[in-house]
Amino acid sequence: MSFGRKDYEFLKEIGLGPQNLGCYVNGVWLGNGPVVSSVNPADNQVIAEVAEASIQDYEKGMQACAQASKLWMQIPAPKRGEIVRQIGDALRTKLHPLGRLVSLEMGKILAEGIGEVQEIIDMCDFAVGLSRQLNGQVIPSERPNHMMLEMWNPLGVVGVITAFNFPCAVLGWNACIALVCGNSVVWKGAPTTPLITIAMTKIVAGVLERNNLPGAIFTAFCGGAEIGQAIAKDSRIPLVSFTGSSKVGLMVQQTVNQRYGKCLLELSGNNAIIVMDDADIELAVRSVLFAAVGTAGQRCTTCRRLLLHESVYQKVVERLVDVYKQVKIGNPLEKGVLLGPLHTRASRENFVNGLEKIKFQGGKILIGGNVIESNGNFVQPTVVEISASADVVKEELFGPVLYVMKFQTFKEAIEINNSVPQGLSSSIFTRRPEIIFKWIGAIGSDCGIVNVNIPTSGAEIGGAFGGEKATGGGREAGSDSWKQYMRRSTCTINYGSELPLAQGINFG
């Protein structure tokens, strides 16, 4: 175990040790399940050990969480917002060690790790304001002496199942909103990033404790599929947010639907950037580099397809290959590194197998395409020239592999963009208003995120995040996403002494 290394000393600042309990249940840390190792993807050495949840731990935690929700939902929303504000402030004091942990355990570069924690802080700020704006409508009634209005009430408990690629930001999208809406939260973090789950939970737990609130308002489990399945099946959890693959997300949705629960799904992406003939080439190339190489191609919003107008095809490809040659690969904690390791050895194997499949289907590697021999999970950022009709292009290869293809007309580009099963993010580079407004309109991109002259990744928290088709249809973070975390009631109040019926019905 590497916990004693000098460069790991910061872990003590965020409450981590060589052995850690991985469940926060009713205000107490425990863990009666399997002991697993957290592994540094840069060298595949063990960082620390974590005792995961048993199914008995889960049941104990859920009983307390469901009970705590009855108290939490009765606290006024602005007071709940004050607790979330304190969570944001607590995160600010630990921004850099938490960001460093994200980089260490997940593998993304330090700037991205710190940015991920900042995203939760931003969500806390957003949620604090939202806590005073959970407004319903007053609706005109057709009946005299009647009033119609909407009431928004908490659901009770919200389940959040997050993935390794954003091991804490997605929690922030969900938990900050769920908490101000009056819900308790039960969180299952990714099995391969348990230290982040523990460190984040300790921050939240500390705020609850200082305010003399039940720890069960925020319940957290480190664990694998057994705990995830328990959350999906649990009728005490009206809403389950799941982030992961389309295959697993569909299974979660079916399980939750069988008990008439609701799902928020954030699943696979197969995102395209279109470069038109009038595009700012340098702006486009910089955007593609960030979108395709950032987080080693392991964002759901990673650019996987680059669609180039035939008139600028050669120029863009040559410029892109040139900037790819300059990408520094290495330890994600080191200054200047742009590409860290893939998250696991299995991810590295998927990269190798994916490239074999690409070559078999006629793909031509323009740069990269190899695993870097080391103790870690490093691979080369890769650009592949391939036909838009190749079957492999329809799939999501979770790594730094970019497919480049040519188009002749704007209509053809839209058809290629919309031809894949997924529908998360998309972007076009052009200066022509008529193209821009068609792109964001009814006959344009069919994605949930439709950008112009910026990358497919790097979304702000103020907008609703999510996508269509096999991406799952969920919306999280900003805009009016909060409505999914509450129960809407339409209320009609008769303050008169007569009983007029709607639609003018006379019933005796």
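Predicted model: local features only at pLDDT ≥ 70, side-chain atom pairs only at ≥ 80, totals over all residues.
Q: How are helices α4 and α5 oriented to each other, parallel or antiparallel?
A: Helix α4 covers residues 110–130 and helix α5 covers residues 169–180. Their axes come within 9 Å and cross at roughly 15 degrees. Angles under 35 degrees count as roughly parallel. The two helices, α4 and α5, are therefore roughly parallel.

Q: What is the hand of the crossing of α4 and α5, and which residues of α5 make the contact?
A: The crossing of α4 and α5 is right-handed. From α4, the contact uses Glu116, Glu119, Ile120, Met123, Cys124, Phe126, Ala127 and Leu130. By class, the contact has 11 nonpolar, one polar and two charged residues. On the α5 side, the contact residues are Ala169, Gly172, Trp173, Cys176, Ile177 and Val180.

Q: How does α2 run relative to α5, parallel or antiparallel?
A: Helix α2 spans residues 77–93. Its axis and that of α5 come within 8 Å and cross at roughly 150 degrees. Angles over 145 degrees count as roughly antiparallel. That makes α2, relative to α5, roughly antiparallel.

Q: Which residues of α5 meet α2?
A: Helix α2 brings Ala77, Arg80, Gly81, Val84 and Ile87 to this contact. By class, the contact has six nonpolar, one polar and one charged residues. The α5 residues that meet α2 are Cys176, Leu179 and Val180.

Q: What is the strand order of the open sheet that contains β7?
A: The sheet has three strands with antiparallel pairing. Its edge strands, β6 (138–139) and β24 (486–494), each pair on one side only. Two bridges join β6 to β7 (residues 146–154), and Val138 stands opposite Leu149 in β7. The order is β6-β7-β24.

Q: How many residues of strand β9 are buried?
A: Strand β9 covers residues 184–188. On one side, Ser184, Val186 and Lys188 are buried, and on the other, Val185 and Trp187 are too.

Q: Which residue of β9 stands opposite Gly159?
A: Strand β8 covers residues 157–161. Five bridges join β8 to β9, and the two run parallel. Opposite Gly159 stands Val186.

Q: What covers the buried residues of helix α7?
A: Helix α7 covers residues 225–233. Its residues Ile227, Gly228, Ala230, Ile231 and Ala232 are buried. The cover includes α1 (55–72), β8, β9, β10 (218–221), β11 (239–243) and α8 (246–258).

Q: What is the relative accessible area of Arg304?
A: Arg304 lies in strand β14 (residues 303–309). Beyond residues up to four places away in sequence, Arg304 touches residues including Asn270, Arg299, Glu396, Leu397 and Tyr403. Arg304 and Leu397 are 93 residues apart along the chain, with C-alpha atoms separated by 8.2 Å. Buried means under 20%, and Arg304 is buried at 1%.

Q: Where is Tyr485, and is Tyr485 buried or exposed?
A: Tyr485 is in the loop between β23 (476–477) and β24. Its contacts, leaving aside neighbours within four places in sequence, include Leu155, Val158, Trp173, Ile177, Leu239 and Leu264. With a relative accessible area of 0%, Tyr485 is buried.

Notes:
Residues numbered from 1 in each chain as written. Heavy atoms only, no water. Axes fitted to C-alpha atoms, helices over the stretch in contact; angles between N-to-C directions. Helix = DSSP H or I, 4+ residues; strand = E, 2+ residues; numbered from the N terminus. Parallel < 35°, antiparallel > 145°, perpendicular 65-115°, else oblique. Left-handed = near helix turned anticlockwise from the far one by under 90°. Contact = heavy atoms within 4.5 Å. Nonpolar A, V, L, I, M, F, W, Y, C, P; charged D, E, K, R; others polar. Pairing = 2+ DSSP bridges. Buried < 20%, exposed > 50% of the residue type's maximum accessible area, 1.4 Å probe, protein only.
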